[in-house]
Amino acid sequence: MGCNGRSRRGSSVPQFCNSPTMLVMVGLPARGKTYISKKLTRYLNWIGVPTKVFNVGQYRRQAVTTYKNFEFFKPDNEEAMKIRKACASAALKDVATYFSKEHGQVAVFDATNTTRERRAIILSFAKERGYKVFFVESICEDPEIIAENIKQVKFGSPDYADRDYDEAMEDFIQRIDCYRASYMSIDDEKDRNLSYIKIFDVGSRYLVNRVQDHIQSRIVYYLMNIHVTPRSIYLSRHGESELNLLGRIGGDSGLSPRGQKYANALATFIKNQNINDLKVWTSHMKRTIQTAQTLAVPYEQWKALNEIDAGVCEEMTYEEIQEHFTEEFALRDQDKYRYRYPKGESYEDLVHRLEPVIMELERQENVLVVCHQAVMRCLLAYFLDKPGGELPYLRCPLHTVLKLTPVAYGCKVESFYLNIEAVNTHRDRPGNVDVSRDPQEALQTVPDHV
Amino acid sequence: MSNNQSESSPVNSAEKEKKADMRVNEKKCSWASYMTNSPTVIVMIGLPARGKTYMSKKLTRYLNWIGVPTKVFNLGVYRREAVRAYKSYDFFRHDNEEAMRIRKHCALVALQDVKSYLTEEGGQIAVFDATNTTRERRDLIQAFVKENAFKVFFVESVCDDPEVIAANILEVKVSSPDYPERHRERVMDDFLKRIECYKVTYQPLDPDDYDKDLSFIKVMNVGQRFLVNRVQDYIQSKIVYYLMNIRVHSHCIYLCRHGESSHNVEGRIGGDSELSPRGKQFAHALQDFIEEHTLSDLKVWTSQLRRTIQTAEELGAPYEQWKILNEIDAGVCEEMTYEMIQQTFPEEFALRDQDKYHYRYPGGESYQDLVQRLEPVIMELERQGNVLVICHQAVMRCLLAYFLDKSAEDLPYMKCPLHTILKLTPVAYGCKVEMFYLNVEAVNTHRDRPIVGEVGSMPKDPSLIHRRNSYTPMSSYDQVKRPRLYSAGNQPWLPLAPTPAALMPEGRPSQECLSEGTDTDSPEETSDGVCF
């Protein structure tokens, strides 16, 4: 039977949505619209739904290169109103291009969209083109949360690059007031035929109306599971294993002596971090469990965190793979994200199996995940928004703990090498990925081992 | 960081351990159950004929299927016990003092039963199915819950569409024990008056003021709209997700297996073989069946294994392939016949017969793993209209168990013969099943539950059993099919010493089970290279 490369490499995911969907954010400034937009986009792209954010504020900054003050946003400023309307139209046009020419599936329209008039324009735009529309409204009147939001993201904005703290805060508050007068929340009566979710007070309450399809239901589920409580996620691989030393992939070996030393060092590191209520997760494989055991705290095992299954190549060295499965080895280098080992998995499969882990990580607060190289790459790609091309080449060395702390619209990463030597298991993409290449070219980037 | 167990007297800790043990042993903690800590009482709220019992039963079925022990406590049942003969709606008038006393008494009895279910019988969730329309009643329940350190989650169903209400009454009330005469108009009339009695004192949940600190979901007009307030934990978030995905629509789900495969003919399990000639005949017959039943907008789902895909191909209609519908992974036993398994792995063979639901093939999966992996399919089936699912024996058993509310005991022994289609139609509180055998002969792949005494020799070492039955959370998507390769230097895995109970959070078993190693010497070779 001939190897039909495409069918083997194919995606394991059923069609989520047919017509493209517009997610329309609604809410006063500093209500977390852009935070939600970016986070949701990151999640949808990670699970394989091509999604893009269209932030109208950015269009405005292009049109009006210098921002003077809040007066731009006054409802009676006719000239400004014209510019703002034009920006919204430009953004909508780009949305249409994204759907029709760039194979996008979800577009997040990130703007205040606080008037019924504006929302009506968007609805008719979508209706004309057969797009679905789902509104996400964020409602919050807690002054502390709003002040915190402004601090975290507005001061870094290009609009306030050269202002001082008090000036910027004052201006922004007046900016919000400009919108307030004409703000009309989605009306539960008049708008009862629309599909929407209203988020109250950062997730304390939700109102969900007329969810139309699978992707909207997933979005609602995701939105209901995320939170903004400060916390950190620690990612680490197991300590160096016996098979690592031999340069063999996969398998289920125990820790090497250096690996055990790492486990001890990890225990000390965690203790010194003084983390509140830490949860520890491992996979079902010996090497992660042995690493966690040393921490002497309760841990949960997730089969989903098991290393990528290399199928027929399990426990081989790269040299052996090159010798016995030359073509496979080359095919993998050509598209490492989608390549599925014969009788094994691909990185793409790994992402799908890790989705419940991600959902649970979103719900939790402080967590330490002790996992494996490919798994850690997938998790990292989710938090740092790395695309499929980069994901399989992210550096996740042994004996290094990554601490991820959500900050503003992204994630701060701190790397802690715990000073216990280990082999390098990272294999870069070689220059020549052709099936007809020489063995030396194929093995060029293989790291040293025993 | 770690949970500190307070020093308690030997009696108390023994009791606590017993309770923890009960929970663990009763349902061999699935992943979902593992994620739940304190027991939760779900309290339904709503006027009669708002779908409370429908939601209670469905939710309970779902929670039990994913392994969270759940039970419904329907107040109507208690009331019928107390008042043998129901005369008329007068019983429900709020000024009928004697009746009010009886009804309150019933509520208290029911709550006592809830308490014993959650504290002594290993239950994790109790669904209190009653109208609970007054603040007074809800305050009573909250006091009860607080006293016992349970969590509480309210599910209120609000509906103002008279057509929906009338339809509800017709579907379920007409055949209720309260109305043995079944005289439709009289029933409708009496029931509507009954509803009026409740309306007088109905106080809906008030999210803005009185009830703003409660955890609840308000379901409006049969799922058109939801208001969700203060979800506290994982299980509540799953409950909300489930309630938001179910509908009350008339649709049919057709379940069948792929046509007979060449492995079936040889008696081999698993693998990825093609259809036998008779299997191909079945595929044709299936196409005729579909045409005959003229199903509008039928969706067809298959797994990613050849035999289901080949079956679907014959239909000439678009179909979707779901990897998670793949057959159970038999690990090292893949592609063996039962005789070969008994010869090569006699201990494994015996272990499987002892507890087929929890038993996990070395390097493979268990039925319990399969259930977790199939959860997204169930969720999507709830959302869809008419669907035909072409799958495999173990997978079909799991799906069927969900729809027909079968326990873990019965699930692995359900009969799902080849070349037979099951049509499931939701009806009232359950599911109607119709079987269609398409008259194309096939081998029988069903292995009955072995009679006690026939089961092979029991292993003396209890840790061997634990090794197979994992208490830990698992993935929905990890169902890789491959034989495990063991290199000479890789010793079989021995279970580590259990973590001291003092370090385990309350209610959790100590971790005895770890990975699934096996001490067989026969590595599975992939003799014929790459095959798909």
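Which residues in H10(A) are buried? In this predicted model, in which local features need pLDDT of at least 70, side-chain atom pairs count only at pLDDT 80 or more and totals for chains, interfaces and linings use all residues, side-chain values use heavy atoms, with hydrogens and water left out. Residues are numbered from 1 along each chain as its sequence is written, while chains are lettered from A and ligands numbered from 1 in the order in which they are written.

The buried residues of H10(A) are A:Gly259, A:Tyr262, A:Ala263, A:Ala265, A:Leu266, A:Ala267, A:Phe269 and A:Ile270, where buried means under 20% relative accessible area, exposed over 50% and partly exposed in between, with a 1.4 Å probe and protein chains only. Their cover includes strands S7 (233–237), S10 (367–371), S11 (400–407) and S12 (410–417) together with helix H11 (286–293) of chain A; helices (H or I, at least four residues) and strands (E, at least two) are DSSP runs numbered from the N terminus, and contact means heavy atoms within 4.5 Å. After H10(A) comes A:Asn274, with a positive phi near 50°.

In chain B, the buried residues of H11(B) are B:Gly279, B:Phe282, B:Ala283, B:Ala285, B:Leu286, B:Phe289 and B:Ile290, and they pack against strands S7 (253–257), S10 (387–391), S11 (420–427) and S12 (430–437) and against helix H12 (306–313) of chain B. Just after H11(B), B:Thr294 has a positive phi of about 25°. The table gives the spans of these helices, the expected span being 1.5 Å times one less than the number of residues.

| Helix | Residues | Length | First to last C-alpha | Expected span |
|---|---|---|---|---|
| H10(A) | 257–273 | 17 residues | 25 Å | 24 Å |
| H11(B) | 277–292 | 16 residues | 23 Å | 22 Å |

A helix pair in chain A can be described too. The axes of H4(A) (residues 78–101) and H5(A) (residues 116–129) come within 12 Å and cross at roughly 25°, axes being lines fitted to C-alpha atoms, for helices over the stretch in contact, with angles from 0 to 180 degrees between N-to-C directions. H4(A) and H5(A) are therefore roughly parallel to each other, a term for angles under 35 degrees. Residues of H4(A), including A:Ala88, A:Leu92 and A:Val95, meet residues of H5(A), among them A:Ile121 and A:Phe125.

For chain B as a whole, the secondary structure comprises 17 helices and 12 strands, and 56% of the 532 residues count as buried. Of the contacts in chain B between residues at least 6 apart in sequence, 73% join residues at least 24 apart.

Note on methods
Parallel < 35°, antiparallel > 145°, perpendicular 65-115°, else oblique.
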